[in-house]
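Subject: Handover of a structure and its findings

Dear colleague,

Please find the structure below, together with its sequence. The findings follow directly after it.

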Amino acid sequence: MSKQHKTSIGGQAVIEGIMMRGPEKTSLAVRLPNGSLDVETWENPKITAWYKKTPFVRGIFNFVDTMRLGYKCLMKSADKAGFDEGEPDKIDLWLNRHFGEKATAVLTGFASVIAVVAAVLMFLILPTFAVKGLDMLLPLGGFASLIEGLIKIAILVGYMAAVSRMKDIHRMFQYHGAEHKTIFCYEAGEELTVENVRRQRRFHPRCGTSFLLIVVIVSVLVTSFVTWSNPWLRVVLKILLLPVVVGISYEIIKLAGRYTNLCTRMISAPGMWLQHITTQEPEDDMIEVAIASLKPVLPSVEGSDRW
């Protein structure tokens, strides 16, 4: 806590709480309905596979692991925060009757499939056909991929802005801000107190929001070489190129988080702007949750968490 450094510790806002992942442990801190704090901690699996350590390959695998862990913690937080309380509806009763103890897993799997289909529709199919239709009216030439990228960014920003108006999502974005502020406080070498955390910035260059925007920008560059002759073929090829896009984006976000110079500030700027939507100023009790989630994952050897 006495030295300033950039840490590899990262987190995610969940329902009424925060998940933090350090070099050795992961923790989940949730504010319970009675106002108390529940903190769960577990050891991280050792990273031994070559494909999780090799540049430009590790990105896709680490991204999938992060998504899986984040979704698991989100479901746990919903249960701890009391979101599952109340009388079961018809869907719950039907799932319990047909799947028993596996009902939650089935519902989770179904929700994941719907989310993937929605993402493909919004960010791959819709922009491609919109640009193809526009090109039939007004030939776009070499600007087609650029306009497609701008449509993707507009969809992403519009979606974030729309969901931020929901009360529960707004609170999650406040916890997101608390997560960033707490990490900044730790990186500054200051004591982890509510007062110290409160005055930190809430926009972090390694944020998942920034990563999503970098993915969109990189996809514009990578898919600019993909054919526009057949929109369905273009969609299929873009899906096949997703691992390449994610792999490149992962390395870019790592560089942006590791170094502070003009180049990395330019890379981080669009994502930092978008964080004006996806992070909000937290309340003091939210900062307490963030501190409680960070402390258990601090490294046992000082400096071993350097980014």
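**The cysteines**

Cys 207 is buried, with a relative accessible area of 3%; here buried means under 20% relative accessible area, exposed means over 50%, and partly exposed lies in between, with a 1.4 Å probe and protein chains only. This is a predicted model, in which local features need pLDDT of at least 70 and side-chain atom pairs count only at pLDDT 80 or more, while totals for chains, interfaces and linings use all residues. Residues are numbered from 1 along each chain as its sequence is written, and side-chain values use heavy atoms, with hydrogens and water left out.

Cys 73 is buried as well, at 0% relative accessibility. A disulfide is defined as a pair of cysteine sulfur atoms within 2.5 Å, and by this rule the count comes to 0 disulfides. Cys 73 is in no disulfide, and the nearest cysteine sulfur, that of Cys 207, is 16 Å away. Seen from Cys 207, the closest cysteine sulfur is that of Cys 73, which is too far for a bond at 16 Å.

**The sheet**

Helices (H or I, at least four residues) and strands (E, at least two) are DSSP runs, numbered from the N terminus. Two strands pair if DSSP finds at least two bridges between them. An open sheet is formed by 4 strands in the order S1-S2-S3-S4, with antiparallel pairing. Strand S1 (10-14) and strand S4 (37-43) stand at the edges with a single partner strand each, so one side of each has no neighbour in the sheet. From one strand to the next, the twist averages 15°.

S1 and strand S2 (residues 17-21) run antiparallel and are joined by 5 bridges. Gly 10 stands opposite Arg 21 in S2. Between S3 and S4 there are 7 bridges, again in the antiparallel sense. Here Ser 27 has Thr 41 in S4 as its bridge partner.

**The turns and loops**

Most residues other than glycine have a negative phi. Which residue takes a positive phi in the hairpin of S1 and S2? Glu 16 does, with a value near 55°, and the hairpin has 2 residues between the strands. Glu 16 counts as buried at 18% relative accessibility.

The hairpin of S3 and S4 has 5 residues between the strands, and Gly 35 in the turn has a positive phi of about 95°.

Phe 56 lies in the loop between S4 and H1. Phe 56 has a phi near 70°, a positive value in a residue other than glycine. Is Phe 56 buried or exposed? Phe 56 is exposed, with a relative accessible area of 53%.

**The helices**

H1 lies across S1, S2, strand S3 (25-31) and S4, and runs at about 30° to S3. Axes are lines fitted to C-alpha atoms, for helices over the stretch in contact, and angles run from 0 to 180 degrees between N-to-C directions.

Two packed helices are described by the angle between their axes and the distance between the axes. For helix H1 (residues 58-80) and helix H9 (residues 242-258), the axes come within 7 Å and cross at roughly 85°. H1 is therefore roughly perpendicular to H9; angles under 35 degrees count as roughly parallel, over 145 as roughly antiparallel, 65 to 115 as roughly perpendicular and the rest as oblique.

Contact means heavy atoms within 4.5 Å. On the H1 side, the contact is made by Arg 58, Gly 59, Ile 60, Asn 62 and Phe 63, and on the H9 side by Pro 243, Val 246, Gly 247, Tyr 250, Glu 251 and Lys 254. These residues divide into 5 nonpolar, 3 polar and 3 charged, where Ala, Val, Leu, Ile, Met, Phe, Trp, Tyr, Cys and Pro count as nonpolar, Asp, Glu, Lys and Arg as charged, and the others, Gly among them, as polar.

Ile 248 also lies in helix H9 and counts as partly exposed at 27% relative accessibility. Not counting residues up to four places away in sequence, Ile 248 touches Phe 56, Val 218 and Val 222. Ile 248 and Val 215 are 33 residues apart in sequence, and their C-alpha atoms are 8.3 Å apart in space.

Thr 264 is placed in helix H10 (residues 262-278) and is buried, with a relative accessible area of 7%. Leaving out residues up to four places away in sequence, Thr 264 touches Leu 255, Ala 256 and Tyr 259.

Yours sincerely
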